[in-house]
Amino acid sequence: MSSPRVVLKFGGTSVSRLERWRTILSQARRCLEEGERPLLVCSALAGVSNLLVEAVARAPKGEHEPALAKILEIHERFAQSMDLDLREVAEPYLTDLERLLLGASLLGEVSPRQHARILSAGELLSTRLGAAWLRAQGLQVDWLDARDVLTSLPEPGRPERSRFLQASVSDDHDPSLASRLASMAPVVVTQGFIARSPQGATVLLGRGGSDTSAALFAARLGAARCEIWTDVPGMFSANPRQVPEARLLARLGYEEAQEIASTGAKVLHPRCLPPVRRHRIPLQIRCTERPDLPGTLITSEVSDGGPRVSAISARGGITLIRMDTVGMWQQVGFLADVFACFRHHGLSVDLVSTSESNVTVTLDPSDTAVDPGVLHALLADLGQHCQARAVEGCASVSLVGRRIRGLIHRLGPALQAFEEQRIHLISQAASDLNLTFVIDAAEAERLVVTLHALLFDDAPDPALGPSWRTLFEAQQPQGQTSPRRWWSERAPALCELARFGPRYVLHGPTFESAARALTSLQSVDRVLFAMKANPHPEVLRRLTALGVGLECVSPGEIERAFHACPDLSPDRVLFTPNFAPREEYEAAFAQGVLVTLDNVEPLQLWPEVFAGRAIQIRVDPGHARGHHEHVRTAGSRSKFGIAAEQIPEIAALAKAHGVRITGLHAHAGSGIRTVGHWAEIAAVLIAVASDLPDVRTLDLGGGLGVPERPGDTPLDLAALDASLAEVRRAHPQYEIWLEPGRYLVAGAGVLVAPVTQTKQKGEVHYVGIGTGMNSLLRPALYGAWHDVVNLSRLGEPPARKVTLVGPICETGDTLGRDRSLPETRVGDVLLIDVTGAYGRAMSSHYNLRAPAEEIVIED
């Protein structure tokens, strides 16, 4: 009973599979063997909280049953994997959830009190199951309801909704909690995210609630340490999903970690740091998938080491408010007056920049998206004091570290990366922990990649740990960082092809298999290939032979489609131009293909072109997704689609000129692997279709993502089919179409090229090949990542990290940085993977160098 308590928090991805609970079991036993008593703080199963939010939103209309059924299915399947009976283990909590949702449907509303109780079900169910399974493995385990020991602060002045859904709990030491746990089993399982009000009602701790719960338990117990177990092995010098060369930050001080978390790192919620910092409790970030890795230790015991940049962080979704007036100069109380407007509308200010005639602030992006009505009301109130306007679609990029002011003179070369950027605001933290730039969101990700390369690639720092790529590739020979690929058995043949110069090689059976997988989805009526991804004639012939239609964006693509497939029926071709001249619409109609309109103006200027015809219109869904800002094709900062407020106008024009709008189309971006995305798009289109009686088709666009980097999981097609099947059941009057591009062909293609030269410059080892950005533009354009393999030495272990470059006279002609390859020599053949889409299609003759030719091969 005198053994020290330690707190281990496990997030949603860490508690959602049986193998992850085996890791939890092993960590609990480790603690016991080291003479410690673990308190396990657990989140809801992955995806369940989102489903509970959906159920809350749908319950007032009596439409919560599908979400509830999914929740029950997830827990039933999870319980079966543990050999547990769900009802036996968690019957009271299931019954309570069902009763609360039914009550909300009967009342037609959900109060904040009910909202909190419903959302608490996820943590209660996961911990009941987890505790029962641990007990079955022989551990002495007690289950603790967090609401019995964590009580929120009264805060009488706060709105009711905030008090229930964003409650605060004191982190003061709590002897009664320590005494209670001392009387319980050596291992205790409890919930994150939830607590109770002083009156005994369930309350939630808001965003980052489970991290915060763990820190609160650690602080109130005086724990020896707090461990946060998640799906990444610590904090890194950049987001490793975007920058695989990002370096592990093995040890950080509380202040530095707080700054990294606050400026965009999502591995740890910033609200969890103040409690452990106040009580000087070490916090460690660990990876459930790789428990062998030490992770990041956050502690007060950190050596100074002088000024440094530790990380580059980015946050999107930022809105700027610019306030201009010459009257603010030497006016007492001006800032108090305008800041009172923000407080009145419940908006938190993050960054502030002032001058004699302007104050510019950013709204805290950790808040939920600002409601347009709230923003309009804010600007109206500010208008009483100044000229105010909002600038949306921004992002912040922060250089985070220690004593940043002491580095300004050394940051000159890196700051040149901002030369072509529109900088809205610069903020240097009073704490001297960050230097932040607010720029257009479309440039943020590429800028982070560039800055990381400038600041970290050529400056070895013994305080930095290994890179993300090294951690996940270290135990595997090159070429085996992902499931075995089609080219693995064909290395000799591919090397022989490369003897004749660089080649794009497409494997026909692979893209045909991808096409069959999509066309077999029961909920999808039509699949159209976005042929801009790869217009190779053989690809078009084979895909159309499998029943796939073609989506074209130019007259040249339409011409290629019918030239490659002369028997193709025009009604299997969709023309979706953007800012096209009148002649292109006329030609498309003359060829009999279906036309999509993504702007009101063509119907205003040339109504006779569209009169009496059936068309689709492209709707801007208002939000964007994708692996890079340049491929996110929705929102006010994207040129694509018709805004929601323009739908009545185009509907009226169509009716006036006898134009039938028979289909709605939306596309939010590329590289998406979130299964629910397409059902969300469908919901947007269905809402629009309610005012357009001729609509029969919902074209949900493409963007189906493919795995590219180590650790990427493939898109779950079965789950996608099930998600869209629900849409079909609720709205059987509509056909559902998809427009995949990369999904069909990316994985079927590779670029092979011989090594021409190697070079050593300081710490950087360059490997040059016979082609570059003239063949493969994506790395330079998007900062895209492609796996690189030495085919001539396939299976050999890595010997060094290299930067892969081409022969183009541009600094940006870099195809990959910090890649682990065997000892590579002139004449070896390198393979660049997943290049079947937007590879040859985006190539050029820049420097008058011919790009790699593309061929299709069989087994």
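The model is a prediction, so to speak of local features a pLDDT of at least 70 is needed, side-chain atom pairs count only at pLDDT 80 or more, and totals for chains, interfaces and linings use all residues. Residues are numbered from 1 along each chain as its sequence is written, and side-chain values use heavy atoms, with hydrogens and water left out.

Confidence comes as pLDDT, the predictor's own score for each residue on a scale from 0 to 100. The protein chain averages 89, with 94% of its residues at 70 or more. Residues 623–635 fall below 50, and this stretch has 60 contacts in the model beyond near neighbours in sequence; a contact here is a pair of heavy atoms within 4.5 Å.

Now to the barrel. Helices (H or I, at least four residues) and strands (E, at least two) are DSSP runs numbered from the N terminus, and two strands pair if DSSP finds at least two bridges between them. Eight strands close into a barrel in the order 18-19-20-21-22-23-24-25, with parallel pairing. Neighbouring strands in this sheet are turned against each other by 30° on average, direction ignored. Angles elsewhere run from 0 to 180 degrees between N-to-C directions, and axes are lines fitted to C-alpha atoms, for helices over the stretch in contact.

Helix 19 (residues 555–564) touches strand 19 (549–552) and strand 20 (573–575), and its direction makes about 155° with that of strand 19. Helix 23 (residues 647–656) lies across strand 21 (594–597), strand 22 (614–618) and strand 23, at about 150° to strand 23.

Helix 19 also has a helical partner. Helix 18 (residues 537–545) packs against helix 19 at about 65°, the axes being 9 Å apart. That angle makes helix 18 roughly perpendicular to helix 19; angles from 65 to 115 degrees count as roughly perpendicular, under 35 as roughly parallel, over 145 as roughly antiparallel, and the rest as oblique. Pro537, Leu540 and Arg541 of helix 18 meet Arg560, Ala561 and Ala564 of helix 19. Sorted by class, this contact has four nonpolar residues, two charged ones and no polar ones. In this scheme Ala, Val, Leu, Ile, Met, Phe, Trp, Tyr, Cys and Pro are nonpolar, Asp, Glu, Lys and Arg are charged, and the others, Gly among them, are polar.

Strand 15 and strand 16 (residues 434–440) run antiparallel and are joined by five bridges, and Gln428 has Leu435 of strand 16 as its bridge partner.

Helix 5 (residues 112–136) packs with helix 3 (residues 65–81) at an angle of about 10°, with the axes 11 Å apart. The two are thus roughly parallel, and helix 3 passes helix 5 in a right-handed crossing. His75, Phe78 and Ala79 of helix 3 make the contact with Gly122, Leu125 and Leu129 of helix 5.

Helix 2 (residues 48–58) also packs with helix 5, at about 155° and with axes 9 Å apart, so this pair is roughly antiparallel. Its crossing is right-handed as well. Residues in this contact include Val48, Leu52 and Val56 of helix 2 and His115, Ile118 and Gly122 of helix 5. By class, the contact divides into six nonpolar, three polar and one charged.

Technical notes
A crossing is left-handed if the near helix is turned anticlockwise from the far one by less than a right angle, and right-handed if clockwise.
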